[in-house]
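Hi everyone, thanks for coming. I'd like to walk you through a few packing details today, so please have the picture up as we go.

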Amino acid sequence: MQLQLPEASVEAQRASRQLHNLIATEIRRQDGWISFARYMELLLYAPDLGYYSGGAEKLGKDGDFTTAPEITPLFGATLAHLATELLDSTPALQPQILEFGAGSGQLALDILTELTTAAHPARMPQAYYIVELSAELCARQQHKLRAFPQVKWLDRLPDAFSGVVLGNEVLDAMPVELVVRGADGWLQRGVGLTEPRAAGDDGQFIYLDRPADPLLIAQIPDAESLTLGHLTEVHPVAIGFMRSLGAMLKAGQGSVAIFFDYGFPAAEYYLQQRDQGTLMCHYRHHAHPDPFYLPGLQDVTAHVDFTAMAVAALDSGLDLLGYTSQAAFLLEAGIGKLLLRTPPENARQYLPQANAMQKLVSPAEMGELFKVLAVGTGAQLPERFSRHDRSHRL
């Protein structure tokens with residue numbers, strides 16, 4: 001596939017070739033085939049070379065995509081108020097926050113800034129934990145959050161946790177498997193190599209299919225009704241994460257976990273109109289479908305099957321506390337009231353914030369595509385979250 005995308009620097013291309021060679025070596029060691037999930041894992045997390053473990057800028061105007069915290073501090077401020085409301089109203093919750101995959105650290109910065117500058121209940125969080133697998137991102141976060149000694153970094157899930165858990169665009173960053181309906185049954189799509197064309201050539205990545213494990217296909221409702229050639233993603237890594245989350249929260253005896261991400265319930269995820277799946281790549285604010293382009297220099301992601309996430313949480317003993325659109329959630333959480341702290345008459349300051357909030361809540365932008373899943377144990381969301389937006393079902 002020939003893509004008309006911004007050219008990478010010589011140094012970046014060299015790093016990409018190193019990752020290509022590393023993946024090619026693993027494919028040869030595995031008899032010419034690795035699962036797509038393993039390929040995606042190496043693309044994103046291979047030490048020093050993967051997209052999230054390398055040194056390139058990922059977020060914001062100089063990166064490859066923009067997330068809600070990068071758009072406006074109102075997102076973090078809203079979650080700060082909601083977190084302290086939850087902690088204040090639920091004695092079982094310990095006064096602490098845990099964030100998964102904090103990216104640049106902007107969400108943590110906005111939450112902690114809000115907590116230190118606004119009036120909050122007495123049970124204001126005493127600790128803010130960040131679970132971060134990328135050493136490079138961890139270093140950036142530590143620099144950005146150096147003024148907040150209550151922040152502590154973890155490289156794995158703790159055995160038990162009680163408090164408020166946050167994950168913004170975490171589930172979509174977990175490797176997925178690709179499966180396709182073949183003439184004789186479902187196939188698992190993996191990655192292999194073409195024959196080298198010259199000395200020093202490792203070959204090019206190609207898709208190779210083999211019979212799929214029925215356990216992979218079990219995630220798809222009514223899988224046999226889908227047509228020949230239907231390609232989609234399944235999410236064993238994210239499902240495993242939700243089960244581990246359930247064990248951690250059950251051991252902690254009281255928590256609310258809130259995840260923001262783009263995706264659909266299963267009834268929409270596997271519609272015939274999505275018969276080529278949702279896999280997408282992001283490079284310098286350009287979206288395209290080729291995961292073999294410049295390994296390590298682009299994000300590779302898929303939409304989230306929120307039904308599968310909720311089922312995994314329920315199977316792990318957690319309660320389903322809520323599922324709705326990002327727009328409905330943020331508006332009920334009070335983002336509009338926080339915007340009005342800046343008087344509309346002050347157009348120079350108010351209009352940029354209003355426009356940023358609009359990106360988060362507009363159905364034409366992030367408001368409807370992004371969903372919010374809340375699960376937990378020993379706690380509930382405030383009652384106002386269950387009174388509206390009954391159109392979203394898992």
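Let me start with how the angles work: axes are lines fitted to C-alpha atoms, for helices over the stretch in contact, and angles run from 0 to 180 degrees between N-to-C directions. Helices (H or I, at least four residues) and strands (E, at least two) are DSSP runs, numbered from the N terminus. This is a predicted model, where local features need pLDDT of at least 70, side-chain atom pairs count only at pLDDT 80 or more, and totals for chains, interfaces and linings use all residues. Residues are numbered from 1 along each chain as its sequence is written, and side-chain values use heavy atoms, with hydrogens and water left out.

Now, helix α4, residues 73–89, and helix α5, residues 106–117, cross at roughly 60°, and their axes come within 8 Å. That makes α4 oblique to α5; for the wording, angles under 35 degrees count as roughly parallel, over 145 as roughly antiparallel, 65 to 115 as roughly perpendicular and the rest as oblique. Who touches whom here, with contact meaning heavy atoms within 4.5 Å? From α4 we have P73, F75, G76, A77, L79, A80, H81 and T84, and from α5 there are L107, D110, I111, E114 and L115. Sorted by class, the residues of this contact are eight nonpolar, three polar and two charged. In that sorting, Ala, Val, Leu, Ile, Met, Phe, Trp, Tyr, Cys and Pro count as nonpolar, Asp, Glu, Lys and Arg as charged, and the others, Gly among them, as polar.

Helix α4 has another partner to show you. It packs with helix α11, residues 326–333, at an angle of about 60°, the axes being 9 Å apart. So α4 is oblique to α11 too. Here F75, T78, L79 and L82 of α4 meet Q326, F329, L330 and A333 of α11, and the contact has six nonpolar, two polar and no charged residues.

Let's move to a sheet. Three strands form an open, antiparallel sheet in the order β12-β11-β13, where two strands pair if DSSP finds at least two bridges between them. At the edges sit β12 (286–288) and β13 (299–301), each pairing on one side only. Strand β11, residues 280–283, is joined to β12 by three bridges, and H282 stands opposite A287 in β12.

Last stop: which residues of helix α6 are buried? In α6, residues 135–144, they are E136, L137, C138 and Q141, buried meaning under 20% relative accessible area with a 1.4 Å probe, protein chains only. Their cover includes β3 (127–131) and β4 (151–154).

Notes
Contact = heavy atoms within 4.5 Å. Buried < 20%, exposed > 50% of the residue type's maximum accessible area, 1.4 Å probe, protein only.
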